[in-house]
Amino acid sequence: MNKKLPFDHSFTVWGKEMFGESVLLLRLNPCEKPLKFRAGQYLTFKIPLNGIVHERPFSIASSPGSPNSIELLVKLLPDGIASNFFRSARVGDVIFADGPSGDFYVDRLKGPSFLVSSGTGIAPFHSIVQDFSETHQSGFPVTLVPIARSSEDVLFYDRFNKYTVILNDFSIKIFQNVVSAATLFVGLDNAQIYLCGAPRFIFEVQATLKESGFPEEGIHYETFL
Ligand SMILES: Cc1cc2nc3c(=O)[nH]c(=O)nc-3n(C[C@H](O)[C@H](O)[C@H](O)COP(=O)(O)OP(=O)(O)OC[C@H]3O[C@@H](n4cnc5c(N)ncnc54)[C@H](O)[C@@H]3O)c2cc1C
């Protein structure tokens with residue numbers, strides 16, 4: 001009888017690149033076979049430390065169209081378990097994960113859609129928009145709404161800019177705060193808001209939308225707990 005391995009997939013680290021001082025772009029190759037996933041899903045990494053295996057989920061930032069080359073955007077915290085693990089990982093290291101998991105994917109848009117994120121919360125949105133650009137479909141206008149000081153603070157800004165050329169209905173609108181971003185979609189009947197980022201950020205956007213009377217069924221979110 002085959003013994004079940006304590007992980008679903010193994011990956012070789014083949015690239016590391018820093019965005020500023022605190023975000024790491026990690027490139028991984030699946031060791032066994034191409035990784036099947038839906039844009040917006042995440043992998044749960046197994047991180048051994050002092051005899052304990054810790055689990056940390058990370059959204060896949062690349063699209064299902066590149067199943068042999070997986071990208072992650074990792075916010076490096078000063079003393080985080082995953083942060084230290086990925087910070088010190090070397091090209092050629094093999095690492096392990098379960099998944100893909102999660103239902104934060106967008107197979108069929110239900111109306112004009114706004115992808116609102118802060119920091120590395122943009123990762124699943126990159127996967128989703130790259131997927132749209134490769135399949136040339138979204139169906140409704142899609143607006144990326146990063147909450148950031150300027151385009152320089154938006155991860156993958158150059159890539160997203162290219163998708164605005166490939167996709168007729170895709171645009172980027174940067175806002176410095178959540179309250180001004182909400183002026184974009186409040187009042188739009190069938191708008192769908194997708195939120196991704198740290199718990200405080202998600203809470204802030206939800207509170208702003210609630211205050212403006214935005215219907216709850218139009219709000220979808222992934223919290224980076
Ligand atoms: C579905 C899902 C997808 C995720 N995808 C991503 C992703 O694509 N990219 C990404 O960077 N993260 C993502 N996360 C968060 C990630 O899983 C880790 O929780 C996070 O990176 C911290 O892990 P760590 O082990 O380095 O820190 P930990 O060892 O867990 O924490 C170290 C310390 O930092 C504090 N801390 C934790 N988060 C923060 C924060 N944001 N700011 C300040 N202090 C903090 C903790 O309270 C603790 O004191 C995702 C989480 C979920 C649930």
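**Figure 1. His-9 and its bridge partner in strand S6.** His-9 is paired by a bridge with Ala-97 of S6. Four bridges link strand S1 (residues 9–19) to S6, and the two run antiparallel; strands here are DSSP runs of E with at least two residues, helices are runs of H or I with at least four, and both are numbered from the N terminus. Two strands count as paired if DSSP finds at least two bridges between them. The view comes from a predicted model, in which local features need pLDDT of at least 70, side-chain atom pairs count only at pLDDT 80 or more, and totals for chains, interfaces and linings use all residues. Residue numbers start from 1 along each chain as its sequence is written.

**Figure 2. The antiparallel sheet that contains S6.** Here we step back to the neighbouring strands. Six strands make up an open sheet with antiparallel pairing, in the order S4-S3-S6-S1-S2-S5. S4 and S5 stand at the edges with a single partner strand each, so one side of each has no neighbour in the sheet. From one strand to the next the twist averages 40°; axes are lines fitted to C-alpha atoms, for helices over the stretch in contact, and angles run from 0 to 180 degrees between N-to-C directions. Strand S3 (residues 42–49) is antiparallel to S6 and joined to it by four bridges, with Thr-44 having Asp-98 of S6 as its bridge partner. Six bridges connect strand S2 (residues 23–30) with S5, again antiparallel, and Leu-26 stands opposite Leu-72 in S5. Helix H1 lies across S2, S3, S4 and S5 and runs at about 85° to S3. As you follow any of these strands, keep one thing in mind: in a regular strand the side chains alternate between the two faces of the sheet.

**Figure 3. The shell around the ligand.** The ligand is surrounded by 22 residues, and the closest are Ser-59, Lys-75, Gly-80, Ala-82 and Ser-83; a residue is near a molecule or strand if its C-beta atom, placed from the backbone, lies within 6 Å of it. Strand S4 (52–59), strand S5 (70–75) and helix H1 (81–88) each provide at least two residues of this shell. By type, the shell holds 13 nonpolar, five polar and four charged residues. In this scheme Ala, Val, Leu, Ile, Met, Phe, Trp, Tyr, Cys and Pro count as nonpolar, Asp, Glu, Lys and Arg as charged, and the others, Gly among them, as polar. Domain 1 (9–101) and domain 2 (113–223) both give residues to the shell, so the ligand lies between them.

Figure 4. The chain is divided into domain 1 (9–101) and domain 2 (113–223), with bounds that come from an automatic or database domain assignment. Taken over C-alpha atoms, the domain centres are separated by 23 Å. In all, 15 residues of domain 1 are in contact with 11 residues of domain 2; contact requires C-beta atoms, placed from the backbone, within 7 Å. S5 gives the largest share of the domain 1 side, four residues. That side of domain 1 divides into nine nonpolar residues, five polar and one charged.

Figure 5. Five strands form an open sheet with parallel pairing, in the order S9-S8-S7-S10-S11. Strand S9 (170–172) and strand S11 (219–223) are at the edges, each with a single partner strand, so one side of each is left without a neighbour in the sheet. The twist averages 15° from one strand to the next. Strand S7 (residues 113–117) and strand S8 (residues 142–146) pair in the parallel sense through five bridges, and Ser-117 stands opposite Pro-146 in S8. Helix H2 (residues 123–135) packs on the sheet, touching S7, S8, S9, strand S10 (192–197) and S11, and its direction makes about 155° with that of S8.

**Figure 6. Ile-193 and Gly-111 side by side.** Ile-193 is found in strand S10, while Gly-111 lies in the loop between strand S6 (94–101) and S7. Ile-193 counts as buried because it has 25 C-beta neighbours inside 10 Å, whereas Gly-111, with 15, counts as partly exposed. The cut-offs are 20 or more other C-beta atoms within 10 Å for buried, 12 or fewer for exposed, and in between for partly exposed, with C-beta atoms placed from the backbone. Not counting residues up to four places away in sequence, Ile-193 touches Phe-114, Val-116, Phe-185, Leu-209, Gly-218 and Ile-219.

Note on methods. Contact = placed C-beta atoms within 7 Å.
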